[in-house]
Amino acid sequence: MDFLNKHTFHIPVLGLGYTLDTPIKVAPYGISSVISLVDDMLMEQLREFYCQKFDLPFKAISEKAEDFRAKRITSYLNMVDEIVSSKVAELKKSALNKGSELEKYMHMLPDLSAIKEKFNLGQKSRQLRDELSHWIQDHLPVGSIDVNIMTKLDKVNYKNGEALPIEYNDAHAAVRGFANSKLSSSLVLSAGMSPRLYSYLEQFEDFYPDNNGLLKKKIILKVSDFRSALVQGKMLAAKGIWVSEYRIESGVNCGGHAFPTNGILFGPILEEFRCNRDKLIETCKAAYESALTKKGKPVPANTPDIKVTAQGGVGTNEEHNMLLDHYQMDGVGWGTPFMLVPEAVSIDTATLNLLKGAKEKDLYFSGLSPLGVPFNSVKWASMSEQRLANAQKGQPGMPCTKQYLKFNTEYTEKPICTASKFYQNKKLAELEAQNLAKEDYEKAYASIIEKECLCVGLGVSLLQSKSIEVGPTDKVTVCPGPNLAYFSNEMSLSDMVDHIYGRKNLLDNRARPHMFLKELGMYLDIFKKRVESFLAQPEDVKEKKQLVSFQQNMLKGIEYYTELFKEKKQEVFAELEELINSYPVLKKEF
């Protein structure tokens, strides 16, 4: 029996904690999701929680242990795999019983799924029932337990004041933790290229094909454009590491950290992948086979699969199907809407209620991240409220307890975090000495104290949702994308999946722009602000060149959207024209 049409969506990583245990909740139903590997402390707390819940043996891994970070990650991932396997076994036992977990599994599949069709027929035919029951025992698809590493988060670690070897850096240890786990899944690499981390992958056999050409552990690259995919894919292939999936993410239309392009829009990026997919495969294939041969590794008889998926701002079944059908994507990531699905993510009640009430005006780009990268935020998040209150009391900055985002060396030899008390007090003292005009001072002051402790804030909600003790603060950071504005109710997992596949509509009864136009509007806002800033210092030749390029890229994208929508989607075309006309700065001559 060959069953096709599994789920066509996945749940991307959402912050440090919100999806840390999502696979336990959704993998038994065939839904793939992604765990962040940043916070090993949080993983250790959650491992203890789940070991108690499922009566599994637990032995704490102390920070004094050799290679404790990698060992904590391995132990946590092995536990998740064990719990998911146990849940799947229970689900299979329910066979074809009415009201069983298996029935819930089948209900959530796409309507055209062959598995679902056989299940429905099996309830009427004894022969098909027996046949399907046997097949389920050996072949029922389980969601992948994938993991994410931000390549930039590769902090050097120290012992007794001495820097440890590079393999003990944060990202390197996370790779080792995943590589040593029992999982057969994928490592998602995000936040840019890291040649030294890519080279480290070569040390682990699970990233190479076995004698049957199969990969136990696969690589997914999160990319923003085709050129980046081609360069990184070929670089890894030359090391004998195959990229099994390129995950294209909208630069501004998703949650968490945003990585805006220089005005290159999502639609044209997807179009370039659609037109050049074969080029990507062939370019990487030659380098891959050559590298495997040199290393004496088995060379697969057939070219390994490459998937191309997309995520960022998707909110309707129509948009979902457009990505699958028109752009020939192999899957679609749905992130932010799942923040309102406690069956899928771990979120505390107060933060859930905050997100339910958030509208367009409440969701914004911020400077919260110590990485210096734009960060999607929502007004009135409790960590931001505490941060501002502390600054007003003359106590700016936060204790740096987890230290995952230490990058700044302005005042120290070893990097520190720009959200820390030490850094902000130093920076504010410098600011005071400059004797700036009031308006300039207030702007600089706000920029300094805006940095927030993401390491702690992005994990607190998970702990609160499990009634696990938190400290040093119970305040929460949350980072939804702009798409959240159009979803205002708590949703069950089944309802959310029905929305994705067009069986229900969970959107508010308010106008929602097409995902492409929402992104375009955000780029137009970025462009407008940059132009206004440039006009205050028009002698900045470098910025002038970048603005001209930004403008040209957007105009090309608008031309592409005009051709895409003018015949098939008149209402979107009309909305596009209205949006362009509301930004006269777009036509500004430099």
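What share of the contacts in the protein with a separation of 6 or more comes from residues 24 or more positions apart? The share is 71%, where a contact means heavy atoms within 4.5 Å.

**Figure 1. Overview of the predicted model.** This is a predicted model, in which local features need pLDDT of at least 70 and side-chain atom pairs count only at pLDDT 80 or more, while totals for chains, interfaces and linings use all residues. Residues are numbered from 1 along each chain as its sequence is written, and side-chain values use heavy atoms, with hydrogens and water left out. The protein has 20 helices and twelve strands; these are DSSP runs numbered from the N terminus (helices: H or I, at least four residues; strands: E, at least two). Of the 590 residues, 55% are buried (buried: under 20% relative accessible area; exposed: over 50%; partly exposed: in between; 1.4 Å probe, protein chains only). Along the principal axes, the C-alpha atoms fill a box of roughly 85 × 65 × 55 Å.

**Figure 2. The stacked pair Phe9 and Phe338.** A search of the whole structure finds 19 aromatic pairs. Rings of Phe, Tyr and Trp (its six-membered ring) pair if their centres lie within 6.5 Å; planes under 30 degrees apart count as stacked, over 60 as edge-to-face and the rest as tilted. The ring centres of Phe9 and Phe338 are 6.0 Å apart and the planes meet at 15°, so this pair is stacked. Phe9 belongs to strand E1 (residues 9-11) and Phe338 to the loop between strand E10 (331-333) and helix H12 (349-357), so the pair ties together parts 329 residues apart in sequence. Both Phe9 and Phe338 are buried.

**Figure 3. The edge-to-face pair Phe204 and Phe207.** The centres of these two rings are 6.5 Å apart, with 75° between the planes. Phe204 and Phe207 are both buried.

**Figure 4. An aromatic cluster.** Phe266, Tyr327, Phe516, Tyr560, Tyr561 and Phe565 together form one cluster.

**Figure 5. Charges over tyrosine rings.** The charged end of Arg176 sits over the ring of Tyr168, 5.4 Å from the ring centre. Lys297 lies over the face of Tyr208, at 4.6 Å from the centre of that ring. A charge sits over a ring if NZ of Lys or CZ of Arg is within 6 Å of the ring centre and within 35 degrees of the ring normal.

**Figure 6. Surroundings of Asn553.** Asn553 is part of helix H19 (residues 541-565). Its relative accessibility is 18%, so Asn553 counts as buried. Apart from neighbours within four places in sequence, Asn553 is in contact with Asn262, Gly263 and Ile264.
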